[in-house]
Amino acid sequence: MYVGVDHSTTGIKTVVLDEDSVESFVIERSMDKGDWSFLEQLARRIPLDEIEMVANGFSMGNDFTTVTDIDCLDDRGIVDYVGLGHGFGTGTQVFDELADSDVPCVAYPGVHDGLDTLDDYFRHYSSLTGADTVAMTRYAKEVTEEACGPESNFVAACVSSSAIATVVRDGR
């Protein structure tokens, strides 16, 4: 049994994959810290000792670039360049619960570092380039290339649960 966890704008989205089923649930970001437990909510659905691996997406992780055992990350895999601190929020609580548990878990970073196709601004914190935003931009690029050619300039905007926009200049 495998569990995937993704930190989105509206909440922590979780999917449980078993040989026979797929189940998903969302923990809203508006919940107060301490009033809930990710592992308790997960244990209501499946026995924790049957989990082979959890993959936790942690888009703020700007100090690691590959899938990494959660126990091997210092300070949640974050380098705080501007002094904002990151000891808060639903994603932080989920990360800490997984790191403090016996459940096998890896963390995967947001898309940010070492990609020459990203503007320097988007390399500062991974949350600026979450996987859904990059996927939306790549799709918009494909559609735009068909209509305008490969070196086109455009702004792609996702205005679902949040308003996120990306810029493509000269096809990059």
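Predicted model: local features only at pLDDT ≥ 70, side-chain atom pairs only at ≥ 80, totals over all residues.
Asp96 is partly exposed, with a relative accessible area of 22%. Arg76 lies in the loop between β5 and α2, while Asp96 belongs to helix α2, so the pair ties together parts that are 20 residues apart in sequence.

## Overall layout

The protein chain has 172 residues, and 40% of them count as buried. It holds 3 helices and 8 strands. From the N terminus on, the order of elements is β-β-β-α-β-β-α-β-α-β-β.

## The other salt bridges

The count of salt bridges comes to 3. Side chains of opposite charge can pair when their charged atoms come close. Glu23 pairs with Arg45, with the closest N and O atoms 3.4 Å apart. This pair links distant parts of the chain: Glu23 is in strand β3, and Arg45 is in the loop between α1 and β4, 22 residues apart. Glu23 is partly exposed at 33% relative accessibility. Arg45 is also partly exposed, at 31%.

Lys141 forms a salt bridge with Glu145, and here the closest N and O atoms are 2.2 Å apart. Both residues lie in helix α3. They are 4 residues apart, so about one helical turn separates them. Lys141 is partly exposed, with a relative accessible area of 25%. Glu145 is partly exposed as well, at 29%.

## Helix α3 and the chain end

Arg138 is placed in helix α3, which covers residues 131-148. Arg138 is exposed, with a relative accessible area of 58%. The C-alpha atoms of Arg138 and Arg172 are separated by 9.9 Å. Along the chain, these two residues are 34 residues apart.

## Surface patches

A negative surface patch is formed by Asp18, Glu19, Asp20, Asp49, Glu50 and Glu52. Asp49 is found in the loop between α1 (38-43) and β4 (53-58). Its relative accessible area is 72%, so Asp49 counts as exposed.

A nonpolar patch on the surface is made by Tyr2, Leu17 and Val22. Together they have about 300 Å² of accessible area. Val22 is in strand β3, residues 22-28. Val22 counts as exposed, at 62% relative accessibility.

## Positive phi angles

Most residues other than glycine have a negative phi. Asp75 has a positive phi of about 50 degrees although it is not a glycine. Asp75 is in the loop between β5 (68-69) and α2 (90-100). Asp75 is exposed, with a relative accessible area of 64%.

Asp170 likewise has a positive phi, about 50 degrees, without being a glycine. Asp170 is found in the segment after β8 (163-168). With a relative accessible area of 49%, Asp170 counts as partly exposed, because exposed requires over 50%.

## Cysteines

The structure holds 0 disulfides. Cys72 counts as exposed, at 58% relative accessibility. Cys148 is exposed too, with a relative accessible area of 58%.

Definitions and conventions: Residues numbered from 1 in each chain as written. Heavy atoms only, no water. Patch = residues over 30% accessible without salt bridge, like charges linked within 9 Å, V, L, I, M, F, W, Y side chains within 5 Å. Areas by Shrake-Rupley, 256 points an atom, 1.4 Å probe, with all protein chains shown as cover. Salt bridge = Lys/Arg side-chain N within 4 Å of Asp/Glu carboxyl O. Lys, Arg positive; Asp, Glu negative; His and termini not counted. Charge placed at Lys NZ, Arg CZ, Asp CG, Glu CD. Helix = DSSP H or I, 4+ residues; strand = E, 2+ residues; numbered from the N terminus. Buried < 20%, exposed > 50% of the residue type's maximum accessible area, 1.4 Å probe, protein only. Disulfide = S-S within 2.5 Å.
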